[in-house]
Amino acid sequence: MIRLRVEGLRLERLLERALAQGASFSHVEREGPRAMVFETGERGARVLRELCQRHSLRLEIQRVTGLNALKRFCLRRWTLLPGLALCALLLCAYTQHIWRVDVAFVGERAAAFDSAAVLEMLSEMGIRPGMPVRDVDTERIELTLAAESEEFSFVGARVQGVRLLVEVAPSLEAPEVYDLENARDLVAACDGIIVSVNAQSGVAAVKPGDTVRKGDVLIRGEERASAEETRGVAALGEVVARTWVEAEAEAELSRIERVYTGRTSTDSVLRLLDWSWPLSPGEAFAVCEAEVEYLPVGGLFLPLMIERTIYAEYEERAVPLDENAVREALSEQAFALAELEINALGANSLQIVDKWIDYSMIEEGRMRARAVVELHRDIATTRDALAQEG
């Protein structure tokens with residue numbers, strides 16, 4: 001349906017002529033003494049348009065709906081259908097290729113591996129973004145990767161649309177094998193206060209409440225063979241102790257700000273390439289900020305310009321910071337550093353039982369924060385492992 005508005009005189013006569021020429025209208029309405037609104041189809045709109053052109057009447061198309069609107073839209077956007085067909089063709093071609101190759105490590109040791117090595121293996125096999133989906137043999141990928149690396153206990157590959165996902169499960173580390181006949185002691189990995197002792201093999205050399213230093217014997221590698229004799233064994237067991245991790249952070253209690261005095265000075269120089277001529281010398285203050293401007297004089301073809309330097313004097317003043325805000329920032333920084341040290345110890349062998357922070361003022365208006373975290377951890381280790389840690 002097409003809604004048209006016609007302005008002019010004797011519009012009823014126009015309506016009669018349109019009806020006489022075969023036009024039909026679903027709705028006709030007067031809009032004032034010089035305007036009339038018609039709702040008609042494509043034929044009626046064409047008849048009205050011809051009559052309005054012949055009699056110099058103003059015609060305005062207000063609204064087009066239904067099939068007429070669709071027809072007009074298609075005529076105005078005649079490239080839409082070919083464009084949609086082309087997009088569908090490109091989309092079909094796009095989905096027939098692999099555009100992403102992702103590697104995901106799963107399992108307990110996933111964090112210890114990098115996907116770069118697996119992606120390099122896949123590249124050597126010819127697996128790379130842009131290859132057709134029909135050329136991707138997931139079974140061959142799984143068998144090849146599993147055969148090339150003994151560190152992988154499982155390899156799975158599957159196609160997800162335009163993505164190839166390769167999942168790899170690293171092999172679990174073999175547990176430490178203890179030779180009971182190989183005599184050894186378990187010593188303290190760090191200073192601490194003993195909380196509990198569980199000697200599975202050997203003789204406990206400490207008890208709860210004892211204070212030990214790094215390297216002290218915790219479980220002696222010996223056992224009684226008879227009433228009068230002992231023999232050496234590999235000491236096994238767990239010795240939990242109270243230990244502490246410390247970290248420090250420092251920060252200034254003030255910041256330096258520029259305060260402009262309001263005094264300025266301008267220095268102007270006429271410059272032509274390497275030649276210069278002073279125009280108005282300016283005063284350079286002891287502490288100032290300089291801003292240089294270039295004002296062309298010779299136009300486009302002559303590199304003659306005025307170089308003007310504006311000096312603005314300022315003073316540097318120490319502005320105190322909010323002490324509570326500084327304390328809060330130092331606390332976060334110190335505990336973050338302590339957390340890094342704790343993570344290096346191994347999350348499975350310790351438990352955080354308490355933590356606190358101390359603040360102190362140091363020279364030149366600085367504050368220091370000292371974070372302390374108390375842990376319960378197994379400190380039993382061998383002398384060889386202690387020597388490797390340094």
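Q: Which residue stands opposite Phe25 in S3?
A: The model is predicted. In it, Phe25 faces Thr40, a residue of S3. That pair belongs to two antiparallel strands, S2 (residues 25-30) and S3 (residues 35-40), which are joined by five bridges.

Q: How many residues lie between the strands of the hairpin of S2 and S3, and which residue there takes a positive phi?
A: Four residues lie between the two strands, and Gly32 in this hairpin has a positive phi near 90 degrees.

Q: Are Arg10 and Ser56 buried or exposed?
A: A residue counts as exposed when its relative accessible area is over 50%. Arg10 has 61% relative accessibility and is therefore exposed. Ser56 has 68%, so Ser56 is exposed as well.

Q: How should I read the crossing of helix H1 and helix H2?
A: One looks at the distance between the axes, then at the angle, then at the handedness. The axes of H1 (residues 11-20) and H2 (residues 42-54) come within 10 Å of each other and cross at roughly 130 degrees. The two helices are therefore oblique to each other. The crossing in which H1 passes H2 is right-handed.

Q: Which residues in H1 and H2 meet?
A: From H1 the residues are Leu14, Arg17 and Ala18, and they meet Val47, Leu48, Leu51 and Cys52 of H2.

Q: How many disulfides does the count give?
A: The test is whether two cysteine sulfur atoms lie within 2.5 Å. By that rule the count is zero. Cys92, for instance, is in no disulfide, and the nearest cysteine sulfur, that of Cys87, is 13 Å away.

Q: How many bridges does the pairing of S16 and S19 have?
A: Strand S16 (residues 254-272) and strand S19 (residues 304-320) pair over 16 bridges, in the antiparallel sense. Within S19, Tyr311 has Ser265 opposite.

Q: What does Thr309 touch?
A: Thr309 has its place in strand S19. Leaving aside residues up to four places away in sequence, Thr309 touches Ser265, Thr266, Asp267, Ala290, Glu291 and Val292. With 8% relative accessibility, Thr309 counts as buried.

Q: Which strands stand at the edges of the open sheet of five strands, and why is one side of each left without a neighbour?
A: This sheet has the order S11-S9-S15-S21-S20, with antiparallel pairing. Strand S11 (211-212) and strand S20 (350-362) stand at its edges; each has a single partner strand, so one side of each lacks a neighbour in the sheet. S11 pairs with strand S9 (residues 192-201) in the antiparallel sense over two bridges, and Val212 in S11 has Gly192 opposite. Helix H7 (residues 323-345) packs on the sheet, where it touches strand S15 (236-252), S20 and strand S21 (366-378). The direction of H7 makes about 150 degrees with that of S15.

Q: How far apart are Glu150 and Glu363, in sequence and in space?
A: They are 213 residues apart in sequence and 57 Å apart in space, C-alpha to C-alpha. Glu150 lies in the loop between helix H6 (138-148) and strand S6 (152-160), and at 80% relative accessibility Glu150 counts as exposed.

Definitions and conventions: Residues numbered from 1 in each chain as written. Predicted model: local features only at pLDDT ≥ 70, side-chain atom pairs only at ≥ 80, totals over all residues. Heavy atoms only, no water. Pairing = 2+ DSSP bridges. Axes fitted to C-alpha atoms, helices over the stretch in contact; angles between N-to-C directions. Parallel < 35°, antiparallel > 145°, perpendicular 65-115°, else oblique. Left-handed = near helix turned anticlockwise from the far one by under 90°. Contact = heavy atoms within 4.5 Å. Buried < 20%, exposed > 50% of the residue type's maximum accessible area, 1.4 Å probe, protein only.
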